[in-house]
Amino acid sequence: METVLTIAGSDSLAGGGLQADLKTFEELNVFGVSAITSLINVDPTGIQSHVLSADLLSEQLDSTLSQLPIRFAKIGLIGNFSNLLVIIKKLMNTDIKLIVDPVLFFKEGAHYFQKVYTDAMKSLLLPVAYLVTPNLEEAAFLSNVSKLETKDDVQQAAQKIQALGCPNVVIKCGSRFPGDTAYNYLLTESGEHWFETPKLAVTTTDGAGCTFSAAITALLARNYALVDAVQLATRFVYLGIQAGIPISPHLGSVWQGAYRQKEVHP
Ligand SMILES: Nc1ncnc2c1ncn2[C@@H]1O[C@H](COP(=O)(O)OP(=O)(O)O)[C@@H](O)[C@H]1O
Ligand SMILES: Cc1ncc(COP(=O)(O)OP(=O)(O)O)c(N)n1
């Protein structure tokens, strides 16, 4: 079985973060291991974040990378500049393909990241990534395209993000995009693809972004072509939102087990 690494924060409610990643890996038949960057607590007032030290992150990465044959790693919330540098240092001269979910704008609440961190994400991390999967707000930020309201805007933003040095970009338009359809837009060096599902009118979308990127990572590790991985990840997260776990009238988590229950496994 393929071993896949997630480098991510912990989400106390297990909506997003490494909990969502590891559950998704399990459901898609890869063995998930983790390096924790930070602890996120979500409560009705918003998000509290506690970033782990660079030494602690470094030790975890040494442990996994020195003992396991890892070909694919998903990078979620990193938290600060020091931890971003640790990740670059440990991974940039390896053959590991990096799937970067930038986690700059949470739908669970507002969070501020320092400019040195967001700049380094653009100038150091994206150029060594295989795929980046921003949500709509992250895509606007990374591309400097201020309003993403049409499919043309999304295509333009993806091109600008690709120009930062990452060959493959998926913009998760999700619930933030106008209209009744949830779109994912994939831009590769050889073409573009739109994926769509009906937009679900539910609040159980916490973890949708993490789950989507984790599903792509697992499927790539199982040798799916990128287009097929994005297609199946779109379906996986759709079913997970539909069968999600409500927490409050405004908040609920994706349930990664929905795909197992509803679909014949590929
Ligand atoms: N309301 C929704 N209905 C159907 N699919 C959704 C919905 N919200 C998100 N998704 C799916 O989850 C993926 C990740 O969504 P993300 O952009 O992180 O969600 P949000 O826009 O809610 O923050 C989207 O690309 C889409 O495939
Ligand atoms: C630790 C941690 N990382 C990321 C998230 C965000 O999760 P998700 O809901 O999948 O992402 P967005 O759709 O808001 O981009 C989290 N909650 N915790």
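Tutor: One term before we start: a residue is buried if 20 or more other C-beta atoms lie within 10 Å of its own, exposed if 12 or fewer, and partly exposed in between, with C-beta atoms placed from the backbone. This is a predicted model, where local features need pLDDT of at least 70, side-chain atom pairs count only at pLDDT 80 or more, and totals for chains, interfaces and linings use all residues. Residues are numbered from 1 along each chain as its sequence is written, while chains are lettered from A and ligands numbered from 1 in the order in which they are written.

Student: What percentage of the residues of the protein count as buried?
Tutor: We take that buried cut-off and apply it to each residue. The protein has 266 residues, and the buried share comes to 47%.

Student: What radius of gyration does the protein have, and why does that agree with a compact globule?
Tutor: The radius is taken over C-alpha atoms, and the globule rule is 2.2 Å times the number of residues to the power 0.38. For 266 residues that rule puts a compact globule near 18 Å, so the protein agrees with its 17 Å.

Student: How many helices and strands are there?
Tutor: Helices (H or I, at least four residues) and strands (E, at least two) are DSSP runs, numbered from the N terminus. On that basis the protein has 9 helices and 11 strands.

Student: Which domain does UniProt place at residues 11-252?
Tutor: UniProt positions are given in the numbering used here, feature names are shortened, and annotations may be inferred rather than shown by experiment. Over residues 11-252 the chain is 40% helix and 24% strand. The UniProt record, an unreviewed entry, names the domain there "Pyridoxamine kinase/Phosphomethylpyrimidine kinase".

Student: Leaving aside neighbours within four places in sequence, which residues is Val237 in contact with?
Tutor: Two residues are in contact if their C-beta atoms, placed from the backbone, lie within 7 Å. Setting aside neighbours within four places in sequence, Val237 has these partners: Ala208, Thr211, Phe212, Ala215 and Val254.

Student: Which element gives the most to the shell around ligand 1?
Tutor: A residue is near a molecule if its C-beta atom, placed from the backbone, lies within 6 Å of it. There are 19 residues around ligand 1, with Lys172, Gly174, Ala182, Ala208 and Gly209 coming nearest. Strand 8 (181-187), helix 7 (208-221) and helix 8 (226-242) each give two or more. The top contributor, with 4 residues, is helix 8.

Student: Why is helix 5 largely enclosed by the rest of the structure?
Tutor: Look at what covers its buried residues: helix 4 (115-125), helix 6 (151-162) and strand 7 (168-172) are among the elements there. Helix 5 runs over residues 136-143, and it is largely enclosed because the number buried is 7 of the 8.

Student: How many residues of helix 1 are buried?
Tutor: The buried residues of helix 1 pack against strand 1, strand 2 (31-43), strand 4 (70-75), helix 7 and helix 9 (258-262). Among those buried are Leu18, Leu22 and Phe25. Helix 1 spans residues 17-27, and its buried count is 10 of 11.

Student: Is Asn144 buried or exposed?
Tutor: Asn144 sits in the loop between helix 5 and helix 6, and has a positive phi of about 60° although it is not a glycine. Most residues other than glycine have a negative phi. Asn144 has 10 other C-beta atoms within 10 Å, so it is exposed.

Student: Is Leu91 buried or exposed?
Tutor: Leu91 lies in helix 3 (residues 81-91). Its C-alpha is 9.2 Å from that of Leu61, 30 residues away in sequence. With 22 C-beta neighbours inside 10 Å, Leu91 is buried.
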